[in-house]
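Have a look first, then read on.

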Amino acid sequence: MTDQLTDFARTHTCGALRAGDVGADVVLLGWVHRVRDLGSLVFFDLRDRGGLTQVVIRDHDDLLASAKRLRSEFVVAVKGLVQRRSPEVVNPKLATGDIEVVARELVVLNEAKTPPFSVAEDTNVSEDLRLRYRYLDLRRPSVQANLGLRHRVALAIRNRLDARGFWEIETPILGKSTPEGARDYLVPSRVHPGEFYALPQSPQIFKQILMIAGTDRYFQIVRCFRDEDLRADRQPEFTQVDIEISFATMPLVFSIIEPLMQGIFKEIGREIQTPFRQMGYDEAMARYGSDKPDLRCGLDIQDLSTIFSASTFAVFRGAVEQGGVVRGFVVPGGARFSRRELDEIVEQAKQLGAGGLVWARRGAEGAIQSSALKAIGEEAVRAALEAASADADGLLIMSAGPAENTSRLLGQLRLTLARKQGLLKDGEFAFAWITGFPLLEWSDEDQRWFSMHHPFTAPVDEDVEHLDRDPSKLRAKAYDLVLNGSEIGGGSIRIHDSGLQSRIFSLLGIAPDEAKARFGFFLEALQYGTPPHGGIALGLDRIVALLAGESSIREVIAFPKTAQAVDLMSGAPSTVDEKQLRELHIGLRS
């Protein structure tokens with residue numbers, strides 16, 4: 001049997017031909033993107049992952065007859081001659097726009113049903129429909145471009161970490177369930193009835209064991225799994241760049257990651273300046289109302305408490321007297337907001353949980369205006385405007401209450417108003433390291449301490465004395481890498497002493513017997529000469545989404561699931577055969 005492609009060995013991809021190829025005989029293979037039938041002349045765009053090339057058929061009755069059968073998404077092979085397009089029909093939007101291929105042979109390799117949406121047009125298609133027919137959606141040039149970018153980013157990561165002495169080492173997918181945080185995905189064991197593996201939420205313990213084993217520098221681009229509650233932009237399986245370093249210090253980790261990020265951003269032609277800004281957790285919360293602040297827009301939150309400590313305005317004075325704060329930020333150009341726009345801001349603040357919001361500005365000829373002018377007094381409002389450096393064009397937004405609550409509220413309003421004013425520009429990137437996190441956070445619901453990062457994070461050395469006396473004072477040797485309001489990486493220096501690790505487990509409410517059952521192998525390993533070590537995990541999906549200018553990580557994952565954790569294409573999750581359940585020693589209860 002003769003292979004259809006025997007006489008059609010591809011010479012170029014559909015995005016490769018240029019003016020310098022004029023006169024060349026070529027063979028192109030791909031999908032029909034778009035057809036234009038002009039009667040005695042047929043044009044069609046041929047597409048593969050490399051791009052588009054215009055093919056023209058003329059002066060050939062048999063070939064024209066074949067071309068008139070073509071429809072979008074037919075798979076075809078074309079032989080022909082490259083010629084220059086006439087100046088009036090050059091397409092500057094295409095890399096191949098200076099040329100076209102005059103076909104002399106055309107073979108349809110496979111026909112296609114009419115797709116449920118156009119692959120050729122970047123139309124507004126529902127996400128459910130796109131994911132149901134993901135194999136078609138993946139053909140769209142924009143999605144292909146995202147997958148190509150993801151490939152180049154992963155390759156850049158591997159090359160740069162290899163150059164810094166890292167080894168890529170695979171860790172197990174089937175492991176032991178050690179739940180702390182999100183729920184594990186469990187896998188029943190057929191050969192060990194009643195026992196289960198867990199899919200990894202992170203290779204955390206294994207990468208620390210690799211440091212104990214003397215591998216010195218490890219990385220892995222690894223799939224992780226978390227059975228989390230449904231959230232709009234989370235995936236039950238995701239990819240992280242996992243990194244661990246023996247004899248690590250925080251500056252050493254930063255000195256490795258910052259050049260790595262520079263290399264990643266070169267894939268979109270952007271030069272990133274280092275060193276990245278470093279900011280303590282307390283400063284981030286006070287100035288931006290978030291531990292992952294977006295630094296592109298300014299709008300720093302400022303403390304105005306001293307101005308109102310003796311104010312006649314009972315709301316602000318009372319907040320300060322009760323140990324709270326008065327804080328605010330200035331919106332450039334906000335002085336021009338209409339009263340309707342100002343009322344909308346106040347209403348939004350109420351929806352976010354604020355008891356109230358006060359705005360102030362300078363009106364015509366410098367006249368002081370405020371939503372609480374009579375209650376506060378003109379002099380106090382003027383003092384607040386001056387303290388916040390609000391010029392004639394600025395609008396001062398103020399709120400009062402407990403420090404963290406007030407800053408979180410203002411932090412959310414800050415981003416809303418920054419978007420309104422066009423201050424969060426696409427293609428602008430602002431990195432920051434956030435450090436100095438609390439080691440633990442208290443849960444009133446569970447009446448116990450939880451790790452703010454994870455239970456293997458080392459406390460600051462001088463804080464260890466607070467372990468038994470006041471755990472709230474423990475600070476972590478932890479750091480998050482933040483970009484444009486998204487946490488794209490998180491890491492820490494780890495606990496490398498078995499005794500200290502046991503004390504942390506105890507503080508987290510993990511009894512010695514439970515710690516031995518869940519982490520006994522790890523606690524024992526720590527006793528065999530563990531070097532100080534630390535690392536970080538970078539979210540590959542989020543990084544590529546930011547590089548591609550996409551708002552959702554689903555746009556840079558080949559086969560994502562919906563927000564309900566469903567694969568609409570394959571129908572997963574699904575029921576399984578009763579025989580499979582019996583083999584796994586599992587019974588279902590209704």
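Predicted model: local features only at pLDDT ≥ 70, side-chain atom pairs only at ≥ 80, totals over all residues.

Residues are numbered from 1 along each chain as its sequence is written, and side-chain values use heavy atoms, leaving out hydrogens and water.

- Most residues other than glycine have a negative phi, and most peptide bonds are trans.
- Gln447 sits in the loop between β18 (440-443) and β19 (448-451); helices (H or I, at least four residues) and strands (E, at least two) are DSSP runs, numbered from the N terminus.
- Glu73 is another non-glycine residue with a positive phi, near 80 degrees, and you'll find Glu73 in the loop between α1 (61-67) and β4.
- Is Glu73 buried or exposed? At 3% relative accessibility, Glu73 counts as buried.
- The peptide bond from Thr274 to Pro275 is cis, with omega near 0 degrees; Pro275 belongs to the loop between α6 and β11 (277-280).
- Going from Ala572 to Pro573, the peptide bond is cis too, with omega near 0 degrees, and Pro573 lies in the loop between α16 (540-548) and α17 (578-583).

**Strands and sheet**

- β1 (residues 25-37) pairs with β4 (residues 75-84) in the antiparallel sense over 7 bridges; two strands pair if DSSP finds at least two bridges between them.
- Val26 has Gly80 of β4 as its bridge partner.
- β1 also runs antiparallel to β2 (residues 41-48), joined by 6 bridges, with Arg36 opposite Phe43 in β2.
- The hairpin of β1 and β2 has 3 residues between the strands, and Gly39 there takes a positive phi near 90 degrees.
- Elsewhere, 5 strands make an open antiparallel sheet in the order β12-β13-β16-β14-β15.
- Its edge strands, each pairing on one side only, are β12 (302-303) and β15 (368-370).
- Helix α10 (residues 339-351) packs on this sheet, touching β14 (358-362) and β16 (395-401); contact means heavy atoms within 4.5 Å.

**Cores**

- The largest nonpolar core has 41 residues, and Ile243, Ile257, Met261 and Phe431 have the most contacts inside it. Such a core is a set of buried Ala, Val, Leu, Ile, Met, Phe, Trp, Tyr and Cys residues joined through side-chain atoms within 4.5 Å.
- Helix α6 (residues 250-265) gives the most to this core, with 8 residues.
- Beyond its neighbours within four places in sequence, Met261 is in contact with Phe276, Phe431, Leu481, Ile488, Leu538 and Ile543.
- Another core, apart from that one, has 35 residues, including Phe456 and Leu500.

**Cavities**

- There are 2 cavities of 30 Å³ or more; on a 1 Å grid over the protein atoms alone, a cavity is a set of points where a 1.4 Å probe fits but cannot get out, and lining residues have an atom within 4 Å of a point.
- Leu131, Arg134, Phe559, Pro560, Asp567, Leu568 and Met569 line the largest cavity.

How values were computed. Axes fitted to C-alpha atoms, helices over the stretch in contact; angles between N-to-C directions. Buried < 20%, exposed > 50% of the residue type's maximum accessible area, 1.4 Å probe, protein only. 1 Å grid on protein atoms, 1.4 Å probe; cavity = no way out; pocket = protein on both sides within 12 Å on 5 of 7 lines; lining within 4 Å. Points joined across faces, edges and corners; volume = space filled by probe spheres on them.
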